[in-house]
Amino acid sequence: MPHSSDAPLLTVVGDTLVAADRRMPPPARRRGPLTPYRRIFATPGAVAFTLAGALARLPMSMLGVATVLLIALERDSYALAGAVSATGVAVTAVTAPLLGRLVDRYGQARVAVPAVLVFATGTASLLLCVHHGAPAWALLLSCAGSSGAPGVGAMTRARWAHLHRDSPGLRHVAGSFEQVLDELCFMVGPVLAMLLCTLVAPEAGLLTAAVLLTAGTLLFAAQRATEPPVHPRPGGRPAGPLRVPGLGVLLAVLLATGTLFGSMEVATIAAVDALGGTAPSSAVLALQAAGSAAAGLVFGALRLPAASAGRLVTGVAAMALGVLPLTTAGSLPALAAGLFLAGTATAPTMVTGIALVQQLIPEARLNEGMTTAYTALLVGIAAGAATGGRTVEHLGPGAGYWVPALAGALALAVAAAGAGRLRRGLRRSPDSPPDAP
């Protein structure tokens, strides 16, 4: 009888005669560059909360520019505009971690909804005060009231961390996607605010931002199926995130990194004007965000081990070195290329830093910890913008990029000096993978 190719092949395993499958295994599916991103969005509810969160996060990048332009155009005073903007940053630095703590304890929806309504009320008050010529103290008070917007970016990252708590690889992909989304928001938001304020009406930028942020936050809060569980704490005063070993190093690095970002924006605006470029400075600045977004997409598609102190030092070093060519850029094309190249180090470094925060912070304080991290970044951006502005004003546009260069060197020194403490904190963290250090 002829042997059939479909007949089972007999083989010996140990002392037993068994049949082996002669059929060839199916060919492995090709893994494209977007496959990891399709996997994270296959989770039910992920698309809904991401779209709602994006709607709420875009106006966050509009608020600063819109507020300054509104007051400068209506009151003809950049000094008053700067004072109001600085008041908003100072109040946010206090309220944001407190809101994060409340989110951990009572849930995202129960805190975000009243918080965004308070923000909307404060913003409406600011618009009315500017329109009706109210005194400066009324503007400062209104801006303080509008600075309690909930940190939707931190809440979306907390959702990803909860949904993929058992998969470090998917958390890495989600973190990279979130950073890319941040970069896109900061590419579009300031330009949109500037166009609305200058082409439509001085109030249009802030009003549009307030409406989008309020609507997006309410839609985000309505996505209850993906909301992380609350973690009620026992009686007594809860320990703050600053007491978590190693987190202080990360906060210091983020503060210096924010200073780099804020001063680089001012330096770029001054450099574009000095080089006589016809392109808007916002378009040139967008190249830095574009470089970061492109690097973030590639970084998220890589299969990497858990974030580590060494990877953070490497990323900060790349950021610090990336700024140096900008100090000698003598033409607009050279400046544009340098900004794109410098931006490629941003997303991988930020993704690594936020991943380390997630590893260090217990799940019961995750929102508070991430909000505190973003507050450090925000304070650094405000300080960098102020320092960069004074440097350009007194030393000229040629000296502008030395401020972000020094901030990058400071961030690198802090990261390198604190790497040992960060490793010890990671080893002590129950949520950190074994290979995190």
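Okay, helix α17, residues 419–428: in this predicted model, A419, L422, G425 and L426 are buried there. Why do they line one face of the helix? Seen down the axis of α17, those buried residues fall within an arc of 120°, so one face is what they line.

Right, on to α3, residues 63–75. Let's take its contact with α8, residues 168–200. These two helices pack at an angle of about 25°, and their axes are 9 Å apart. Under 35 degrees counts as roughly parallel, so that's what we call α3 and α8. The way α3 passes α8 is a right-handed crossing. On the α3 side we have V65, A66, L69 and L73, and they meet P190, A193, M194 and C197 of α8. Sort that contact by class and you get 8 nonpolar residues, with no polar and no charged ones.

Now α3 with α9, residues 204–221. Here the angle is about 150°, with the axes 8 Å apart, and α3 and α9 are therefore roughly antiparallel. Their crossing is left-handed. From α3, L63, A66, T67 and L70 meet G205, L206, A209 and L213 in α9. This contact divides into 6 nonpolar and 2 polar residues, and no charged ones.

Key. Residues numbered from 1 in each chain as written. Predicted model: local features only at pLDDT ≥ 70, side-chain atom pairs only at ≥ 80, totals over all residues. Heavy atoms only, no water. Buried < 20%, exposed > 50% of the residue type's maximum accessible area, 1.4 Å probe, protein only. Helix = DSSP H or I, 4+ residues; strand = E, 2+ residues; numbered from the N terminus. Arc of directions from axis to C-beta. Axes fitted to C-alpha atoms, helices over the stretch in contact; angles between N-to-C directions. Parallel < 35°, antiparallel > 145°, perpendicular 65-115°, else oblique. Left-handed = near helix turned anticlockwise from the far one by under 90°. Contact = heavy atoms within 4.5 Å. Nonpolar A, V, L, I, M, F, W, Y, C, P; charged D, E, K, R; others polar.
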